[in-house]
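The following exercises concern one protein chain. Please examine the sequence and the structure before reading each solution.

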Amino acid sequence: METLQNMLDWGGTKKDITFLAISGIALLASILKGSFFPIDPAWVAIILCGIPIVLEAVIGLVTAFDIKADVLVSLALIASIIIGEDFAAGEVAFIMQLGALLEDLTVAKARAGIEKLVHLTPRTARILSGEGETILPAEQVQVGDLLRVLPGETIPVDGVIRAGETSINQAVMTGESMPVDKGVGDEVSSGTVNQFGSFDMEATRVGEDSSIQRMIRLVQSADAQKAKIVGLADRWATWIVVIALTAAALTWLISGEIIRAVTILVVFCPCALVLATPTAIMAAIGNATKHGFLVREGDALERLATVQKIAFDKTGTLTFGTPKVVAIQSVLPAVSNDALYYYAACAETWSEHPLGKAIVSGFKTQFGNATLSSTGFQMLPGQGVCATVQGKQILAGNLRLLQEHHLPLPQEMQLAAQGYINNGCTVTYVAVDGQAAGFLALSDTLRPTAVQTIGQIKKLGADPVLLTGDHENAARYIAQQLGILEVYPNCLPEEKLQHIEDYAQAGKPVCMIGDGINDAPALKKAQVGIAMGGIGSDIAVDAADIALVNDDIKQLPHLLSLSKRMMRTIKTNLTLSMTLNFVAIILAITGILNPVVGALVHNAGSVVVIFNSAWLLKWRKKAG
């Protein structure tokens, strides 16, 4: 999948890695310097790593009086150079740029999800007038225009069907796994696909008011409003700078030794603070990758550790997203259940409808690759199919199909069918030789690990929520099987977005998990968005912070646990590094450390941080 390949693009960081490599070699040469090096090689690290830090600090102070960690680093660099401690200056600059590089590697580049949404917008429309059909750009359609949509075409604007019957694939808007039958008076949305019959429609919402354009705006606004986590070193930078300058000035005044003051500035540099978070994040991302997750945003795991609600789309996430035959019931003594299944499968052999394909596939799976044949096949848009099987006239489709042929349903058949409908199934009715013979119930099926996954998520302290575009019966039936108490059916993209905003305003950040285009705004808006990377649309993957490559949701509890473990590791890193820094500062004030030794001792904290973070690479929560 091209989208997943784009996740791994490092962009401009190759140049940064080269500069760091050269600087590292220069620092080693500085340690070994002699007559072979007339100029201290540490200046290479100062120029390549130090100058960018100083420039960024100056620009931030001058343009916005923005005090960040690089202000103190710049002061330490300049002071070290003034007193001739070139190695200390180069070493501090190198460590700080190493931390910045690690942060850059965890930040994803700009994505093309919104562009792909724009490409879904139909370019042309077929306008009907007294002069016949005219094909015009879709943006020229006016409210009230009469349009014709042919099979396979994308509906250009929102409107109401005025003539014809068809089935519409509404996955782009609702995520529903099966097409919806539409007839005169029914509303249709732009961006959805007409599957079978042609129809005429009256435009009701056009241009920027159409459904697909509203979704594009939702994705854009959700992305713009998502807050980014600020690095700990930058959050504390002002206090660090004030305390460091005060300590350095007092030490100089009291001792009269400027070298002590410079040493204090060097050991006060927040190298370990800068490394504490990105090293842990990089290690955690490596762990997540081994378990089938591609983390696309550097701070995604940091945000994931704070979520209280896990919102699931139903179709394709908790379920496989494809209908299967779950029950066959005949009401005619002369027609067995197997015979009814056979008649329906033969009649649907040439059908392109997902329900028809599911019936044929299910029959072949159950009875082997049996020969299925029919004659006189006829597709009846919005109703079903008609065909002749072994000399018998077979009808297979929805209730409207039997009503159009004036075939009454026995009460027994109505009650049985309604029971399956109440459990979220879709029913295909079958008639044989002008008599209602029975029905097949089809349903989307749960992923085998879904129940266990939801149970583990609850144990981790997060509440599962179901946000789905499917109708209420199907949503509540699935939720009941999984033990999910909060259910929101019939959700359009803007409604999913609203539910996530409501939770966020209530102080309950949400992780959204979905796979469809209709999930893109919610994936963007949520505290963390996780997309199904295998079956999910490219737009959903582009909108998400994390992609689940193999679509196996059983690894979600591990990811949640990993995010919390990562945050504990970060806090441990900070504690260790700050403790070592505190000791180094006391030694610097008393004059025991000079700038070079101070920098080495101080940066021992950075080494401790890196090794502690490395344990995350192989971490896995113990069972039980």
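**Exercise 1.** How many helices and strands does the chain have?

*Solution.* The model is predicted: local features need pLDDT of at least 70, side-chain atom pairs count only at pLDDT 80 or more, and totals for chains, interfaces and linings use all residues. Residues are numbered from 1 along each chain as its sequence is written, and side-chain values use heavy atoms, with hydrogens and water left out. Helices (H or I, at least four residues) and strands (E, at least two) are DSSP runs, numbered from the N terminus. The chain has 25 helices and 22 strands.

**Exercise 2.** Determine the order of the strands in the open sheet of seven strands.

*Solution.* Two strands pair if DSSP finds at least two bridges between them. The order is S10-S22-S21-S20-S11-S18-S19, with mixed pairing. S10 (293–295) and S19 (486–488) are the edge strands, each pairing on one side only. S10 pairs with S22 (residues 546–548) in the antiparallel sense, over three bridges. Within S22, Ile546 stands opposite Val295.

**Exercise 3.** Which residues touch the most other members of the largest nonpolar core?

*Solution.* A nonpolar core is a set of buried (under 20% relative accessible area, 1.4 Å probe, protein chains only) Ala, Val, Leu, Ile, Met, Phe, Trp, Tyr and Cys residues joined through side-chain atoms within 4.5 Å. The largest one has 47 residues, and Ile310, Phe312, Ile546 and Met566 touch the most other members. Helix H24 (residues 556–589) gives the largest share of this core, eight residues. Apart from this core lies another, of 26 residues, including Tyr343 and Ala437.

Technical notes
Buried < 20%, exposed > 50% of the residue type's maximum accessible area, 1.4 Å probe, protein only.
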